[in-house]
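Please look at the sequence and the structure first.

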Amino acid sequence: GAGLDWLGRYWPNVQRLLDHVQRRWDPDRTGLLRGIQPSTHDIDLAGLNTYMGTFYLAALRSAEEMALLLGDGTAAAGYRELFEHGSAGYDAALFTGEYYRQVLDDGDPVAFQWVDGCLSDQLIGQWWAHLLDLGHLLPADHVRTALAAVVRNNFRHSFTGFTHPYRVFADGDDAGLLMCSWPHGGRPAIPTRYADEVWTGIEYQVAAHCLYEGLHEEAWTVLRGLWGRYDGRRRNPYNEIECGDHYARAMAGASVLDALSGVSWNAATGAVLLSDPAPGAALPVLGGGGWGLLQAGGDGVELECRGGEWRVAEIGVTGAAWHADAMALQLSGGTGIESVAAPRPDGTVTLRPVSPVRIA
């Protein structure tokens, strides 16, 4: 990674950016964004919504972690306090028991909003937070409930007879995930733009998030629909079109690989965590300054570095099938590494090598 010296140089800029966001959209320091919020849906959003809100919560958690790395305890505590206020506030105001809705303030525009709709992007910041190992931004059970509702309400197994007000990225017998739906009615006269479109970038985001939350059936439903549309018969599997050819949002597909491999890296500490991969899994792994292959067999998990370098100072595997007395760490060639097993309350078993290991 770039290292703490690099982070220290840019840390004042990060703080100035967050200060600007708070002054402009959260002047009362509630942890909730209000007012007009520009978005990549090519419209301005308004009111309380977890699309922009989870991005804000993830940014606050990221800032807390950066402050801790730099030894700035005062800043870290401030960002944590704001995050906790925002997390509780968004959940109380927007969770319906099924998913997270949008609540407009007096004077907010209604055009291009979704209000009571079920937006596929409603937890996009939580997906980002999982990629960064920041934990849950909202109550975990509510996140899983809402994510399952996104797939249940927005996934279509056919588009025969479907009305496409804008662009057509799925039709006929295609399957795909709509940007938004209104399962209980209340669709605005001018709904959020692109509500009736299917974007692979959003499908990858939702599928990867489902994998992180343990919603495997939902994840594979979305992925099979996406890959079925781009299987080479009607569409190019190497060009998933959204706004145009080779559109960048489809690169969210890389997050599916991260979620499937279950490998997380902490470049600052050299900690590697494996999320109990299924026996037989063989997946590419990127991170920690190198790339390689993860393979899981009946007798253990193997990480092979094929390019670059991995620095491992701590390694762990989650899952009830793994026990502290059954874990050992070896380098290729059978060399054992003196280590200490440290079970954690969440089921993670961590092995801490006495000396950091470099695998290249």
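Phe-162 has a relative accessible area of 18% and is buried (under 20%, with exposed over 50% and partly exposed in between, for a 1.4 Å probe and protein chains only). The model is predicted: local features need pLDDT of at least 70, side-chain atom pairs count only at pLDDT 80 or more, and totals for chains, interfaces and linings use all residues. Residues are numbered from 1 along each chain as its sequence is written, and side-chain values use heavy atoms, with hydrogens and water left out.

**Aromatic pairs**

- Ten aromatic pairs are found in a search of the whole structure; rings of Phe, Tyr and Trp (its six-membered ring) pair if their centres lie within 6.5 Å, and planes under 30 degrees apart count as stacked, over 60 as edge-to-face and the rest as tilted.
- Phe-95 and Tyr-100 form a tilted pair, with ring centres 5.0 Å apart and planes at 50°.
- Phe-95 counts as buried at 19% relative accessibility, and Tyr-100 counts as buried at 0%.
- Phe-159 and Phe-162 pair edge-to-face, 5.4 Å centre to centre and with 85° between the planes.
- Phe-159 counts as buried at 3% relative accessibility.
- Tyr-51, Phe-55 and Trp-128 are linked into a cluster by ring pairs.

**Charges over rings**

- Arg-156 lies over the face of Phe-159, 5.4 Å from the ring centre; the criterion is NZ of Lys or CZ of Arg within 6 Å of the ring centre and within 35 degrees of the ring normal.
- The charged end of Arg-235 sits over the ring of Tyr-230, at 5.9 Å from its centre.
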